[in-house]
Amino acid sequence: MKHLIVVGSTALGRVICEYAKMTPEYNNVWSLYGFLDFSEYNTQISDKYPKVIGTVEDYEPSVDDVFICGYVDVDDREKAVTTILAKGGTFVNIIHPLANVCSSAEIGTGNFVGAFTTVSVNVKLGNHCIIQDHCNIGHDNKINDFTHLFVGCVVCGLSEIGSKATIYTKAVIYPKVKVGNNTIVGAASVVMRKIKDGDMVIGNPAKKLEVE
């Protein structure tokens, strides 16, 4: 049986740990083994969870290890995943059993999909994305690598979300809208037009937020 290692022992990492125990793979394909963190974090967790068994920088994956990364920050997630992949590590998907994932959806590796989330027909979900609870990803959408959708987001059909985008709680993306790479969409925002790479938007309708 494989050892599942959750990268990141902060709140989202612990949520992933809890949800992992609800999947059909738990104690059939893999068992929970522990957490990894970056050396500077030194996160303390309760005895209810597996221990932090090492650091991202120093841990050497074995053939029995599989990984899922739970860092909220997209740069931290990319850095951790890149480090582990360079050492030969393998990532798996954690999909809550109450998520509705259509059979025509194409799901990459290292993704987390929360409870009551819908991934509709012909969706293409990249690698190492975090899609939290109660999200709705409409038909024919493309979600690129390392993107994070917080709770309750709606991405209407025929849209595209770039890599390393962060879409905060209850934001709505209109149909046929492209959201660029490294973008941030504020909570409860309604995005009706294209967002350029690196932009931060907020509001209804969403407008670019100028950062001094």
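**Contacts and overall form**

I began with the contacts in the chain, counting a contact where heavy atoms lie within 4.5 Å, and I found that among those between residues at least 6 apart in sequence, 30% join residues at least 24 apart. I note that this is a predicted model, in which local features need pLDDT of at least 70, side-chain atom pairs count only at pLDDT 80 or more, and totals for chains, interfaces and linings use all residues. Residues are numbered from 1 along each chain as its sequence is written, and side-chain values use heavy atoms, with hydrogens and water left out.

I then looked up the secondary structure, taken as DSSP runs numbered from the N terminus (helices are H or I of at least four residues, strands E of at least two), and the chain has two helices and 23 strands. The radius of gyration is 17 Å, close to the 17 Å from the globule rule for 212 residues, so the chain is as compact as a globular protein of that length; the radius is taken over C-alpha atoms, and the rule is 2.2 Å times the number of residues to the power 0.38. Along the principal axes, the C-alpha atoms fill a box of roughly 45 × 45 × 30 Å.

**Buried residues and cores**

I recorded that 47% of the 212 residues are buried, where buried means under 20% relative accessible area, exposed over 50% and partly exposed in between, with a 1.4 Å probe and protein chains only. I next searched for nonpolar cores, each a set of buried Ala, Val, Leu, Ile, Met, Phe, Trp, Tyr and Cys residues joined through side-chain atoms within 4.5 Å. The largest has 25 residues, of which Leu149, Ile161, Ile167 and Ile173 touch the most other members. Apart from this core lies another of 18 residues, among them Leu4, Tyr19, Val66 and Ile68. In soluble globular proteins, nonpolar side chains tend to be buried together.

**Phe91 and His128**

I looked up Phe91 in the loop between α2 (74–86) and β5 (94–95), where Phe91 is buried with a relative accessible area of 7%. Beyond its neighbours within four places in sequence, its contacts include Phe67, Val81, Leu85, Thr109 and His128.

His128 has a positive phi of about 60 degrees although it is not a glycine.

**Backbone entries and an exposed loop residue**

I also noted Phe116, in the loop between β8 (112–113) and β9 (118–119), where phi is positive, near 65 degrees; Phe116 is partly exposed at 47% relative accessible area. The peptide bond from Asn204 to Pro205 is cis, with omega near 0 degrees, and Pro205 is placed in the loop between β22 (200–202) and β23 (207–208). Most residues other than glycine have a negative phi, and most peptide bonds are trans.

My last entry is Asp58, in the loop between β3 (52–55) and β4 (65–69), which counts as exposed at 60% relative accessibility. The C-alpha atoms of Asp58 and Ile45, 13 residues apart along the chain, are separated by 20 Å.
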